[in-house]
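Please keep the sequence and the structure in view while reading.

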Amino acid sequence: MSVRRSERKPSKMDVQTKAAELAKYTIDNALKESIVPKRDRWALGNRLVDTALEMATRIDSANTLRLDSIEEASQRRLEQRMALAATFRMMTLIHTARAITHFEERIHKHWTELVSEEQELLRGWMDSDRRRSKANAD
């Protein structure tokens with residue numbers, strides 16, 4: 001028997017799935033002429049794509065590291081922080097692209113919502129790791 005969608009709890013690794021979705025959305029939009037014209041592609045479009053891919057790959061890397069090793073836990077935390085920093089860079093790049101190219105408000109709104117959702121998921125994952133590490137230390 002399956003759980004109704006409205007009653008499901010978020011999966012711990014929704015952060016990974018949503019990161020891949022955000023990367024795909026970014027690639028699709030940053031390479032569209034109507035959103036990032038060719039004249040701005042090098043300065044904005046490519047940086048948006050690179051940042052989205054960096055965020056997603058850092059999340060994937062962090063997920064491969066274990067918390068029961070001090071070195072791996074430290075590296076995992078660093079990868080998570082770097083992924084979170086990439087989301088803030090993405091937000092800046094999206095706002096800058098909107099100001100320069102004036103693409104549609106609905107695209108801007110959806111894109112920034114995706115980034116905000118990813119930030120929340122990342123923070124939740126980091127908090128969960130912190131609680132697990134603390135519980136293991138006790």
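How do the residues that line the second largest pocket divide into nonpolar, polar and charged? The lining divides evenly in number, with four nonpolar, four polar and four charged residues. The model is a predicted one, and its chain holds four helices and zero strands.

**Overall fold**
- Read from the N terminus, the elements follow the order α-α-α-α.
- The chain has 138 residues, of which 39% count as buried.
- Among contacts with a separation of 6 or more, 70% are made by residues 24 or more positions apart.

**Second largest pocket**
- The space in the second largest pocket amounts to about 170 Å³.
- Its lining consists of Leu67, Ser69, Ile70, Ala73, Ser74, Arg76, Arg77, Gln80, Met126, Asp129, Arg130 and Ser133.
- Both α3 and α4 supply at least two residues of this lining.
- Helix α3 gives the largest share of the lining, namely six residues.

**Largest cavity**
- The count of cavities of 30 Å³ or more comes to one.
- The volume of the largest cavity is about 30 Å³.
- The residues that line the largest cavity are Lys18, Glu21, Leu22, Leu114, Glu117 and Glu118.
- Two elements, α1 (14–30) and α4 (105–137), each give two or more residues to the lining of the largest cavity.
- By class, the lining of the largest cavity comprises two nonpolar, no polar and four charged residues.

- In soluble globular proteins, nonpolar side chains tend to be buried together.
- The largest nonpolar core of this model has 32 residues, and Ile59 and Trp111 touch the most other members.
- Helices α1, α2 (38–64), α3 (70–101) and α4 each give two or more residues to this core.
- When residues up to four places away in sequence are not counted, Ile59 touches Val15, Gln16, Ala19, Ala83, Glu118, Leu122 and Trp125.
- Glu118, one of the residues touched by Ile59, is also among those that line the largest cavity.

**Geometry of helix α3**
- The 32 residues of α3 should span 46 Å at 1.5 Å a residue, and the end C-alpha atoms are 46 Å apart, so the two values agree.
- Histidine 102 follows α3 and has a positive phi, near 60°.

- Apart from neighbours within four places in sequence, arginine 41 is in contact with Ala30, Leu31, Lys32, Glu33, Val36 and Asn46.
- Glutamate 54 also has its place in helix α2.
- Glutamate 54 counts as partly exposed because its relative accessibility is 23%, and that class lies between the limits of 20% and 50%.
- With neighbours within four places in sequence left aside, glutamate 54 is in contact with Met82, Ala86 and Arg89.
- Between glutamate 54 and alanine 83 there are 7.2 Å in space, C-alpha to C-alpha, although they are 29 residues apart in sequence.
- Alanine 83 is in turn one of the residues that Ile59 touches.

Notes
Residues numbered from 1 in each chain as written. Predicted model: local features only at pLDDT ≥ 70, side-chain atom pairs only at ≥ 80, totals over all residues. Heavy atoms only, no water. 1 Å grid on protein atoms, 1.4 Å probe; cavity = no way out; pocket = protein on both sides within 12 Å on 5 of 7 lines; lining within 4 Å. Points joined across faces, edges and corners; volume = space filled by probe spheres on them. Nonpolar A, V, L, I, M, F, W, Y, C, P; charged D, E, K, R; others polar. Core = buried A, V, L, I, M, F, W, Y, C linked by side-chain atoms within 4.5 Å. Buried < 20%, exposed > 50% of the residue type's maximum accessible area, 1.4 Å probe, protein only. Contact = heavy atoms within 4.5 Å. Expected span 1.5 Å × (residues − 1).
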